[in-house]
Each structure stands twice: as C-alpha cells, then as structure tokens.
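Dear colleague,

My notes on it come after.

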Amino acid sequence: METRQQGFLDSEPLREADEDLASEVNLNNTVMTEEEREEIQQELTKLEEEINTLKQVLLSKEKQHAELRQKLGITPLDELRNNFSKGWHDMQSSTAYKKTSETLSTAGQKTTAAISTLGNAITRKIGDMRNSQSFKSFEEKVENTVSTIKTKVGGTGTGGSFEEVLSSAANATSQDTPTNNLMDSPEQPC
C-alpha cells in the first residue's frame, strides 16, 4: 500500500514510457484480488468514520466557541466592528495609502496656492481697473447722471462719490421695497 502512495508523491516528471503505460491501463477493468478489494473497502469505511468523527468534533468546538463568545458579550456586530477597525488600520499603515495620502496632500497644497495666486491676481486687476482713466471717467458719468436725476426728481444735487451714491441708492431701494402684509391682517380672504 505504501508503494502505491509513494508513486503519487513522486516529484519527478513523467517520461514517455510512463505516459504510454498510463494510456494502456483500463481503469474500468482493473484486476484486483478479493483480498485487496476487501482491504480497500475496510480502509474506506474507516476513513468515512474518521471524517464523521472530525465533523462532530468540529461542530462541538464551534458550539463551545459561540458559547464562550456569548459569555464574554462579544456579538457578531462587535466582531464586524473590530474587523473593520483592524482593516482600516492596516490600510492606513500600508505603503500605497501613505503614498496616496502624501500625493493628495501635495495636490491640495498646490491647488490652494494656485487659488490664492488667482485671487491675488484678480484683486490686483480690479485695483488696476479702478485706478484706470476709463473707470474714473465712467464713475464721473454715473455721478453726474445720478446728480442730474436727483435734481430733476426734487432732491438736492449734492453729488458725492461713487460709493456714497451706490450706498444711498441701496438704502433707497431697501426702504422702497414693499413688505408682504398678508400675514398681518386678521381678515384674510380664502
């Protein structure tokens, strides 16, 4: 019996002669003595009994495992949470995560710097535009127009700077905005 099993464990590659021998063997009509057949049958029965015993032992151990976990108060949710925490920790300590984190951090810093530079450039351009001759000319025309309108409407033509005119226009607009008085009246039509 040992010699047959040793053949399966042999690590040498098959030769042509072995292949020819294997192809000639007819597996359906193997010639076996009654004694060999009975020995193999006994070995098969013994192996099946061992498998059943191992299954019973495994079931018993799994039941004992579950009881001990229950006594300790360990629930499947706790186990899942612990596995998730361990997996998260393992992932964070991985080289790929560290490299990705560093790359994203660097990208964020570069993006912040670019946005800051863009904001500074826009602020500078607006300042340049405001100091330009065309903007000052436009500002004067608006002030003159507002002053003319105020004079014609009946106000005093005080003029003022562009900021004052815009501020007074904004105040006048917010005071002239009608409020919704539907909620205040006690009698409301349905």
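The notes below go from the chain as a whole to its helices, salt bridges and surface patches.

This is a predicted model, in which local features need pLDDT of at least 70 and side-chain atom pairs count only at pLDDT 80 or more, while totals for chains, interfaces and linings use all residues. Residues are numbered from 1 along each chain as its sequence is written, and side-chain values use heavy atoms, with hydrogens and water left out.

Overall fold

The protein chain has 7 helices and 0 strands; from the N terminus on, its elements run α-α-α-α-α-α-α. Helices (H or I, at least four residues) and strands (E, at least two) are DSSP runs, numbered from the N terminus. Of the 190 residues of the protein chain, 3% count as buried. Here buried means under 20% relative accessible area, exposed means over 50%, and partly exposed lies in between (1.4 Å probe, protein chains only). The protein chain exposes about 17,400 Å², of which carbon and sulfur atoms supply 57%. Accessible areas come from the Shrake-Rupley method with a 1.4 Å probe, and for residues only the protein chains shown count as cover.

Helix H3

Helix H3 covers residues 34–72. At 1.5 Å a residue, its 39 residues should span 57 Å, and the end C-alpha atoms are 57 Å apart, which agrees. The expected span is 1.5 Å times one less than the number of residues in the helix. H3 is followed by Gly 73, whose phi is positive, near 80°.

Salt bridges

Side chains of opposite charge can pair when their charged atoms come close. A salt bridge is taken as a side-chain nitrogen of Lys or Arg within 4 Å of a carboxyl oxygen of Asp or Glu. By this rule the count comes to 3 salt bridges.

The side chains of Glu 79 and Arg 69 meet in a salt bridge at 2.8 Å, N to O. Glu 79 lies in helix H4 and Arg 69 in helix H3, so this pair ties together parts that are 10 residues apart in sequence. Glu 79 is partly exposed, at 36% relative accessibility.

Within helix H4, Arg 81 and Asp 78 are 3 residues apart, which separates them by about one helical turn. The closest N and O atoms of their salt bridge are 3.3 Å apart. Arg 81 is partly exposed at 47% relative accessibility, and Asp 78 is partly exposed at 25%.

Lys 86 forms a salt bridge with Asp 90, with the closest N and O atoms 3.1 Å apart. These two residues, Lys 86 and Asp 90, are 4 residues apart in helix H4, or about one helical turn. Asp 90 counts as partly exposed, at 37% relative accessibility.

Surface patches

Patches are made of residues with over 30% relative accessible area and no salt bridge; like charges are joined within 9 Å, and nonpolar side chains (Val, Leu, Ile, Met, Phe, Trp, Tyr) within 5 Å.

Phe 84, Trp 88, Met 91 and Tyr 97 make a nonpolar surface patch of about 420 Å². Helix H4 (residues 76–92) contributes the largest share of this nonpolar patch, 3 residues. Phe 84 lies in helix H4 and is exposed, at 60% relative accessibility.

Glu 34, Glu 35, Glu 38, Glu 39 and Glu 43 form a negative surface patch. Lys and Arg count as positive and Asp and Glu as negative, whereas His and the chain ends are not counted. The place of a charge is taken as NZ of Lys, CZ of Arg, CG of Asp or CD of Glu. Glu 34 lies in helix H3 and is exposed, with a relative accessible area of 60%.

Yours sincerely
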